[in-house]
Amino acid sequence: MDDTFSGPFLSCSSAHFVASTCKLHAGADAPKSSPDAAPQRLPFSTVTSEDLDFFRKLLPGRAITDQDVVESSNVDWLKSVRGSSEVLLRPQTTDEVSQILRYCNGRNLAVNPQGGNTGLVGGSVPVYDEIILSTSLMNNIMNFDNISGILTCQAGCVLENLSLYLEDRDYIMPLDLGAKGSCQIGGNVATNAGGLRLLRYGSLHGTVLGLEVVLADGRVLDCLATLRKDNTGYDLKQLFIGSEGTLGVITAVSILCPRKPKSVNVVFLGCETFEQLLKTFQLCRGMLGEILSAYEFLDSECMKLLNTHLKLPNPISECPFYIVIETSGSDSSHDSQKLHNFLEEAMTATLVTDGTVATEDSKIKALWSMRERITEALTHDGFVYKYDISLPVERIYQLVTDMREHLRGRAKRVVGYGHVGDGNLHLNITSPAKDPALLAAIEPFVYEWTTAWASRRETISTTANPARPWP
Ligand SMILES: O=C(O)CC[C@@H](O)C(=O)O
């Protein structure tokens, strides 16, 4: 890049957020042009018939103005936030993205990049009438190197399609999410999605080797390296991982993929306290070591949601907390032996009270759905306030209990689940309908709590007095 990036028109999804946690501000019933608490519409131009002529010429049949079609891109997956865009653009190539952005920059038109529109924090839809730039038709796999395991593809490839493509070649994607059937790799990178395998394969900051990005003024930044080690200058691609579309539109990704494990086991366990759940995690890390690939948890409120709304039966007896452990290795007898030893030890030490193990695909999928389908189950409960929070792992469940106590029955349900291995809690609070009074009780409490505990440095005891003062 030879000059500074200036193009303040890419829609900033972070405008929906406060601090490091995420929240929804606007309900589906909010006035279209002024979502609650959203920033003022900035003085961008509005789309004219000349603009539409330009888009239609550039993208024949792919500059959509039919409102029935545009509507589904104006609304997020949760149907909680809604924009009022009248134009949906579906480029197929990087050059088309570049031409769109160059034109919009010249015309001062706001643009909202959109991938699979599976985000849960309102970042993938317009706030006002921004042009929606969808990457859905940019879905070609460009290259796969069977020796290095490096995949290069366009940004609109659906995660599950990439996984299926790789599985045929004895590889897997380094990330896996409940939304895999619709989410796109460009959106995964733009939001720095973590998912269920982060514990094993690390974050996208490590596995993404290269990116191609179109900047707001249409220039193409080519950092699409396919080298595992690349010390040639600044690692610019890192800026775009988690930038949520604010710095540019990711058009292609190269990513390092692990070999497909030859043996996979999934265990579903129950335990009485969160402290025991953490002790089980410690034991598990020590005894399973390199084959541990996921350590996830859900609480009993999540289990009730799965039972009630999705009719998924609890595979074990009722417990306050449930754990999903996955192992992935290359030798099934070695892995089974390690798992057996770990389970024996966990039961003997009465860390866990019940459990079941799966080695066949269908049972593995059934156990994983107890964790992956909580988001879906929650939507049947009414309106959902969602918070995706990273904390020292010892603290993650304390926020759930403190929030329950703080709300004292004002919410329908306060549930906690998430990625223990990453110290990442999904705190979800439901109410029969959107409830401004409930929101006022949740916020800023949740942000103050998180900031106070996340910034604390000293070692935290897992048996802290619940009446402790805040740090
Ligand atoms: O529903 C949520 O709040 C989180 C969804 C997803 O990130 C998950 O880990 O299941």
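# Briefing: folds, sheets and ligand shell of a predicted chain

The chain holds 16 helices and 16 strands. Helices (H or I, at least four residues) and strands (E, at least two) are DSSP runs, numbered from the N terminus. This is a predicted model: local features need pLDDT of at least 70, side-chain atom pairs count only at pLDDT 80 or more, and totals for chains, interfaces and linings use all residues. Residues are numbered from 1 along each chain as its sequence is written.

**Whole chain**

- Of the 471 residues, 46% count as buried. Buried means that 20 or more other C-beta atoms lie within 10 Å of the residue's own; exposed means 12 or fewer, and partly exposed is in between, with C-beta atoms placed from the backbone.
- Take the contacts between residues at least 6 apart in sequence: 75% of them join residues at least 24 apart. Two residues are in contact if their C-beta atoms, placed from the backbone, lie within 7 Å.

**Ligand shell**

- L120, G178, T375, K386, D388, H426 and N428 are the residues around the ligand. A residue is near a molecule or strand if its C-beta atom, placed from the backbone, lies within 6 Å of it.
- Two strands, β14 (383-390) and β16 (424-431), each give at least two residues to this shell.
- By class, the shell has one nonpolar, four polar and two charged residues. Ala, Val, Leu, Ile, Met, Phe, Trp, Tyr, Cys and Pro count as nonpolar, Asp, Glu, Lys and Arg as charged, and the others, Gly among them, as polar.

**Seven-stranded sheet**

- Seven strands make an open sheet with antiparallel pairing, in the order β13-β10-β12-β11-β15-β16-β14. Two strands pair if DSSP finds at least two bridges between them.
- β13 (354-358) and β14 are the edge strands, each pairing on one side only.
- On average, neighbouring strands of this sheet are turned by 15° against each other, direction ignored. Axes are lines fitted to C-alpha atoms, for helices over the stretch in contact, and angles run from 0 to 180 degrees between N-to-C directions.
- β11 (residues 292-299) pairs with β15 (residues 413-419) over three bridges, in the antiparallel sense. E296 has H419 of β15 as its bridge partner.
- Helix α14 (residues 396-407) packs on the sheet and touches β11, β14, β15 and β16. The direction of α14 makes about 170° with that of β15.

**G270 in β10**

- G270 sits in strand β10 (residues 263-271). G270 counts as buried because it has 23 C-beta neighbours inside 10 Å.
- G270 and F321 are 51 residues apart along the chain, yet their C-alpha atoms are separated by 5.7 Å.
- Leaving out residues up to four places away in sequence, G270 touches I316, S317, C319, F321, Y322, V352, T353, D354 and G355.

**Four-stranded sheet**

- A second open sheet has four strands in the order β1-β2-β4-β3, with mixed pairing. β1 (63-64) and β3 (111-114) are at the edges with a single partner strand each, so one side of each lacks a neighbour in the sheet.
- β2 (residues 88-89) and β4 (residues 131-134) pair in the parallel sense over two bridges. L89 has L133 of β4 as its bridge partner.

**Helix α10**

- C302, M303, L305 and L306 are buried in α10 (residues 300-310). They lie on the same side of α10, because they cover an arc of only 155° around the axis. The arc is that of the directions from the helix axis to the C-beta atoms.
- The cover over these buried residues includes β11, β12 (321-329), α12 (361-372), α13 (374-379) and β15.
- K311 follows α10 and has a positive phi, near 55°.

**Helix α16**

- In α16 (residues 445-454), V446, W449, T450 and W453 are buried. Down the axis of α16, its buried residues fall within an arc of 95°, so they line one face of the helix.
- E448 and A452 are exposed on the other side of α16.
- β14, α14 and α15 (436-442) pack against the buried residues of α16.

**N74 in α2**

- N74 belongs to helix α2 (residues 67-74). N74 counts as buried, with 23 C-beta neighbours inside 10 Å.
- Beyond its neighbours within four places in sequence, N74 is in contact with R82, G83, S84, S85, V125 and P126.
- N74 and R102 are 28 residues apart in sequence and 23 Å apart in space, C-alpha to C-alpha.
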